[in-house]
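Colleague: I am new to this structure. Could you walk me through the terms as they come up?

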Amino acid sequence: MIVPAEVILGLSAILFGIGLFGFLARRNIILMLVSVEVMLNAVNLSLAGFGRHLEDLRGQVLALFVIVVAAAEVAVGLGLLIALSRNKPGATVADLTKLKW
Amino acid sequence: MALLTATFYYMAAASVASALLAVMAKNPVHSMLWVLALFLHVAGIFLLLGAEFLAAVQVIVYAGAILIFYLFILMLLDLPDVEAQPRFGRHWPLAAGAGLLFAGFAWLARAGTGLAPAGRRVATDGAPQSSLETIGIALFGPFALPFETASLLLLAAIIGAVVLARRRAA
């Protein structure tokens, strides 16, 4: 083991916090989705760290499934974004106020 | 071993820095390039953790497919005035507080996980196998049902994306 598992978990916590900040603060929908990718990467990191620490392969397998779900999320999310921008140009959350009462 | 530890800390510092720059960059294309740097550094950390297959999948799927898809959409939508608009909403201090709070809680919780010190566990697998081989056996053995469900999920996502992005015939 190169570094203790706590270090990897701490790195994962910092990356997740950065991604959370980006998701909540950015106004561009594409960059909000990119921040979600940063958060998913942080989770993958902690899964791989736990798998390494416990010498259990299930951490890596679970991280693979997280990557699959991320790919599906990107496909559907960006498809939605294309459909939205076809109706109304612009890619910021402030453009999507049609449902606002 | 000291060299590997130093490499890990370089990867960790570089990934935190590129994640911050990706979130803060004004130009979305710069943001994508910083996310690419983040993905590659995380793949390096996976390599250091002995997860070679995960590192390869990270480079191929994340850096190769997902990021290119984002860049395609970014170019397709063609947002000319995106740099003139403010990057963050007015509520960004709240968002920063939420991010810091979560990171702080996770940082504190990590101390209480009660992880056994590494190295005390003895591998019971007998002969060491290559990581790829054991992952393949696990994916088609005990994880066969989740594996097939994942393929179904990807199929649903493909069809969903096509249906959503299709131009409606007026």
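**Terms and the values behind them**

Modeller: Chain B has 6 helices and 0 strands. From the N terminus on, its elements run α-α-α-α-α-α. Keep in mind that this is a predicted model.

Colleague: How many of the residues in chain B are buried, as a percentage?

Modeller: Of its 170 residues, 35% are buried. Buried means under 20% relative accessible area. As for contacts in chain B between residues at least 6 apart in sequence, 61% join residues at least 24 apart.

Colleague: What makes α2(A) and α2(B) roughly parallel?

Modeller: Helix α2 of chain A, residues 29-53, packs against helix α2 of chain B, residues 28-48, at an angle of about 5 degrees. Angles under 35 degrees count as roughly parallel. So α2(A) is roughly parallel to α2(B). Their axes are 11 Å apart. The contact includes A:I30, A:L31 and A:V34 of α2(A), and B:P28, B:S31 and B:M32 of α2(B). By class, the contact has 14 nonpolar, 3 polar and 1 charged residues.

Colleague: And why is α3(A) called roughly parallel to α6(B)?

Modeller: The angle between α3(A) and α6(B) is about 10 degrees, with the axes 8 Å apart. The cut-off is again under 35 degrees. Therefore α3(A) counts as roughly parallel to α6(B). Among the residues that meet are A:F65, A:V68 and A:R86 in α3(A), and B:P146, B:F147 and B:A165 in α6(B). This contact divides into 19 nonpolar, 1 polar and 1 charged residues.

Colleague: How do you know that A:E55 is partly exposed?

Modeller: The relative accessible area of A:E55 is 45%. Buried needs under 20%, exposed needs over 50%, and partly exposed is in between. So A:E55 is partly exposed. Its place is in the loop between α2 and α3 of chain A.

Colleague: What is the phi of A:E55?

Modeller: Phi of A:E55 is near 50 degrees, a positive value in a residue other than glycine. Most residues other than glycine have a negative phi. In chain B, B:D78 follows α3(B), and the phi of B:D78 is positive too, near 55 degrees.

Colleague: How does the reach of α3(B) compare with the span expected?

Modeller: Helix α3 of chain B, residues 52-77, has 26 residues. From first C-alpha to last, α3(B) reaches 36 Å, close to the 38 Å expected at 1.5 Å a residue.

Colleague: Where is the kink in α3(B) centred?

Modeller: On B:L67, and the kink is about 25 degrees.

Notes. Residues are numbered from 1 along each chain as its sequence is written. Chains are lettered from A and ligands numbered from 1 in the order in which they are written. This is a predicted model: local features need pLDDT of at least 70, side-chain atom pairs count only at pLDDT 80 or more; totals for chains, interfaces and linings use all residues. Side-chain values use heavy atoms; hydrogens and water are left out. Helices (H or I, at least four residues) and strands (E, at least two) are DSSP runs, numbered from the N terminus. The expected span of a helix is 1.5 Å times one less than its number of residues. The bend at a residue is the angle between axes fitted to the seven residues ending there and the seven starting there. Axes are lines fitted to C-alpha atoms, for helices over the stretch in contact, and angles run from 0 to 180 degrees between N-to-C directions. Angles under 35 degrees count as roughly parallel, over 145 as roughly antiparallel, 65 to 115 as roughly perpendicular and the rest as oblique. Contact means heavy atoms within 4.5 Å. Ala, Val, Leu, Ile, Met, Phe, Trp, Tyr, Cys and Pro count as nonpolar, Asp, Glu, Lys and Arg as charged, and the others, Gly among them, as polar. Buried means under 20% relative accessible area, exposed over 50%, partly exposed in between (1.4 Å probe, protein chains only).
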